[in-house]
Amino acid sequence: MQYDVVVIGSGPGGYVGAIRCAQLGLKTAVVEKYKTYGGTCLNVGCIPSKALLDSSEHFHNAAHSFTTHGINLKDLKVDMKQMIARKDDVVSQNTAGITYLFKKNKIDAFEGVGSFVDKNTILVTKADGSTETLSAKNVIIATGSKPTALPFLPIDKKRIITSTEALNIKEVPKTMVVIGGGVIGLELGSVYARLGTKVSVIEFMPSIIATMDAGLGKELQRVLKKSLGMEFFMGHKVTGATTKGKTVTVTADNAKGEAVSFEADYCIVAVGRTAYSEGLGLDKIGITVEERGKKIPVNAHLETSVPGVYAIGDVITGAMLAHKAEDEGIYVAETIAGQKPHINYNLIPGVVYTWPEVASVGQTEEQLKTAGVKYKTGSFPFKASGRAKASMDTDGFVKVLADEKTDEVLGVHMIGPRAADMIAEAVVAMEFRASAEDIARICHAHPTYTEALKEAAMAATENRAIHI
């Protein structure tokens, strides 16, 4: 079987790259080791976690804010079985959609583990041990990542679990410890905190979502503590965890170096993800992965050291984001077809789907200070937004960072209602090198949450925000 392109992995990067290859007239095949397509994102990541976040948000609002809206309920309770079933149905719909798209675009799909025999030959090893080989002019490695394990903290997948198992807990725990104050830990912690679980977050760094603008982490921690009762233990170094019956005991050294312990029904280990590059037979074609993170080195065109072999998404350097992988899949497909595609890595937005949502694009204040860039800042709080007052979502703010001389927008950072959707306006503006004045001059519909971005841009230019 001879193909122009064989893609290993059907996650967001793999399936999007495969579809774009097919659109460009390239005979394309995808190799996927699992029975369903979509990789981590669709099966045990982005999509199911958002489904649970939405369900838990409905319950929390019904329990805490419906009466203020004049809606009275009684005997409110969580049907965890139904909540999980709905989540599974959402996943099924999305994975079935990829099956349809593969058929529509005449992409051949092979179930099994793909590995290199040589740079133009892929061996597909099926679950029953049988094999077949595919011949490829080009290969795209899109094998994604897996949850990072701590060597001193064994994961039993029952009480000490990863984000994968956290999507299928059958009851609402009374207590839960989350190790890691990053995106995954905070999102899953929020799900259970909304349902009534007492959630404690243990984080080694001095702030949560530490890679984002510092103001965002500070505000998010305040709101999660206020609205959900989540506890945060910053500057704590986890040293181990043990299970006895239905209780997990997590040990750590606090910021002062003192030994402390935490007991809970469950412990979610959410300390990041590691590139999944094992089993590909990379050594057979002369590719050596990075010692730390197991990532595959690529050049500016996402091509490995072996001509015709590309790698995209979580398995290479950069942010582990589904939309980054998708853009890279399209980029490689168009490169193979002889086009000249473009990716601006500075303008790939990051989002945390807690409530309020957190979103960011471009440079943070900390990065600008480190680089010695002179900038100005404008901020606008949602408590001054008419739309936010109407929906009772007044926590958070929008911050615009602009070059001191040129007024070009260098970064936009927001925490508030629907920030995940609002950030796209900032991305578009920055892609076209907009100034803060440009955003300030654009008419925004009233009342909308996005008016906060306009007001922040006005604040960044001559401090002329209207509503504060």
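Predicted model: local features only at pLDDT ≥ 70, side-chain atom pairs only at ≥ 80, totals over all residues.

Visitor: How much space lies in the second largest pocket?
Guide: About 660 Å³ lies in the second largest pocket. A pocket here is an open set of points on a 1 Å grid over the protein atoms alone where a 1.4 Å probe fits, with protein on both sides within 12 Å along at least five of seven lines; a cavity is a set where the probe fits but cannot get out, and lining residues have an atom within 4 Å of a point. Grid points are joined across faces, edges and corners, and the volume is the space filled by probe spheres set on them.

Visitor: How does the lining divide into nonpolar, polar and charged?
Guide: The second largest pocket has eight nonpolar, 10 polar and seven charged residues in its lining. Ala, Val, Leu, Ile, Met, Phe, Trp, Tyr, Cys and Pro count as nonpolar, Asp, Glu, Lys and Arg as charged, and the others, Gly among them, as polar.

Visitor: Trp355 came up there. What kind of peptide bond joins tryptophan 355 and proline 356?
Guide: A cis one, with omega about 5°. Proline 356 is in the loop between strand 18 (350–352) and strand 19 (357–362). Histidine 446 and proline 447 are also joined by a cis peptide bond, with omega about 0°. That proline 447 lies in the loop between helix 12 (436–441) and helix 13 (451–460).

Visitor: Okay, new topic. How many cavities of 30 Å³ or more does the count give?
Guide: One. The largest cavity holds about 30 Å³ of space. Its lining is made of Pro147, Ser163, Ile184, Val269, Ala270, Gly272 and Arg273. Those residues of the largest cavity divide into four nonpolar, two polar and one charged.

Visitor: What about rings? How many aromatic pairs does the structure hold?
Guide: Three aromatic pairs. In one of them, tyrosine 3 and phenylalanine 110 are edge-to-face, 6.2 Å centre to centre with 80° between the planes. That pair links distant parts of the chain: tyrosine 3 is in strand 1 (residues 2–8) and phenylalanine 110 in strand 3 (residues 108–111), 107 residues apart. To pair, rings of Phe, Tyr and Trp (its six-membered ring) need centres within 6.5 Å; planes under 30 degrees apart count as stacked, over 60 as edge-to-face and the rest as tilted.

Visitor: Is tyrosine 3 buried or exposed?
Guide: Tyrosine 3 is buried, and phenylalanine 110 is too. Buried means under 20% relative accessible area, exposed over 50%, and partly exposed in between (1.4 Å probe, protein chains only).

Visitor: And lysine 106, buried or exposed?
Guide: Lysine 106 is exposed, at 71% relative accessible area. Its phi is near 55°, a positive value in a residue other than glycine, and lysine 106 sits in the loop between helix 4 (80–104) and strand 3. Lysine 157 also has a positive phi, near 65°, and counts as exposed at 56% relative accessibility. You'll find lysine 157 in the loop between strand 7 (145–147) and strand 8 (160–161).

Visitor: Last one! Where is isoleucine 415 found?
Guide: In strand 22 (residues 409–416). Isoleucine 415 counts as buried, with 0% relative accessibility.

Methods. Residues numbered from 1 in each chain as written. Heavy atoms only, no water. Helix = DSSP H or I, 4+ residues; strand = E, 2+ residues; numbered from the N terminus.
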